[in-house]
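Look at the structure first, then read on.

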Amino acid sequence: MAVTSLQDKPRPSEEEAGLGTTFPVRPRGRREGGKKAEGRMPCEALHSALRKAFRGVQEQYGAWKGTLAAVAPLLDSLSSLAEQAQALQVADLDRSPLRPFPGLRGRLQTKHRAAAEVLLANLQQKMLPELQKARDTMGTQVTGIFLLCEAPKAELGLESLFQRQPLCPSLADMLEWLLDIERLYHQIYLEAKLLLLQIRYENLAGMQALPKAWEQVMQHSRQQQGTVEDALLKVSFFLEEAA
């Protein structure tokens with residue numbers, strides 16, 4: 001039986017031995033780097049969307065408060081008209097110095113109604129749509145941000161959601177603040193809509209009570225205004241960082 005020595009064994013070729021060739025080794029460094037870059041992209045997109053949303057709040061908040069403030073004088077005028085109309089209904093014009101003017105009661109009632117309709121149109125067709133626009137804009141931005149959160153959910157861990165930085169609140173905090181602001185806009189809009197759309201000239205007593213009813217709406221708004229102002233203060237450095 002012949003014994004084959006090591007020297008007699010055929011040497012493997014360079015290809016077989018792996019010399020001079022490039023094996024398909026997985027580039028771990030590149031994959032890890034790519035994964036990190038992919039992981040950063042959702043956060044960058046969220047930060048961009050959050051900045052856009054909070055800047056929108058900054059721009060709209062003054063107009064929102066201005067619209068709410070502009071409603072009160074219109075309701076005061078409606079209340080005064082209702083009071084005058086109610087007094088006209090019970091006034092005995094035949095025993096007053098105005099007796100020589102026939103049909104005066106009807107003419108005055110027509111003028112009162114026309115003035116009330118102008119005020120109602122301003123409230124229902126101008127003021128209320130302004131509040132609705134702010135509410136809808138806020139809702140659209142919040143929905144878009146949450147869609148971004150859901151799309152790359154595999155890449156967003158708890159650490160990235162709750163991590164805070166000196167100039168940047170956590171994503172979770174900012175999402176919560178936006179939800180609070182959206183809830184405020186939605187609540188006040190619904191209260192204003194319920195009040196303004198039920199105004200009828202035939203209900204003079206209800207028209208006289210409008211300023212008091214609106215004050216209740218404004219009281220709810222004032223109680224929640226700190227939510228908006230505190231949120232804008234907390235994200236002020238975050239907004240300036242990319243300015």
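Does Tyr-185 count as buried or exposed? Tyr-185 has 0% relative accessibility, so it counts as buried (under 20% relative accessible area; exposed is over 50%, partly exposed in between; 1.4 Å probe, protein chains only). The model is predicted: local features need pLDDT of at least 70, side-chain atom pairs need 80 or more, and totals for chains, interfaces and linings use all residues. Residues are numbered from 1 along each chain as its sequence is written, and side-chain values use heavy atoms, without hydrogens and water.

**Tyr-185 and its surroundings**
- Tyr-185 sits in helix 5, residues 171-196 (helices are DSSP runs of H or I, at least four residues, numbered from the N terminus).
- Setting aside residues up to four places away in sequence, Tyr-185 touches Val-57, Gln-60, Tyr-61, Trp-64, Ala-134, Arg-135 and Met-138 (heavy atoms within 4.5 Å).

**Aromatic pair**
- Trp-64 and Tyr-185 form a stacked pair, 4.2 Å centre to centre with 15° between the planes (stacked is under 30 degrees, edge-to-face over 60, the rest tilted).
- Trp-64 belongs to helix 2 (residues 28-90) and Tyr-185 to helix 5, so the pair ties together parts 121 residues apart in sequence.
- Trp-64 counts as buried because its relative accessibility is 3%.

Key: Helices (H or I, at least four residues) and strands (E, at least two) are DSSP runs, numbered from the N terminus. Rings of Phe, Tyr and Trp (its six-membered ring) pair if their centres lie within 6.5 Å; planes under 30 degrees apart count as stacked, over 60 as edge-to-face and the rest as tilted.
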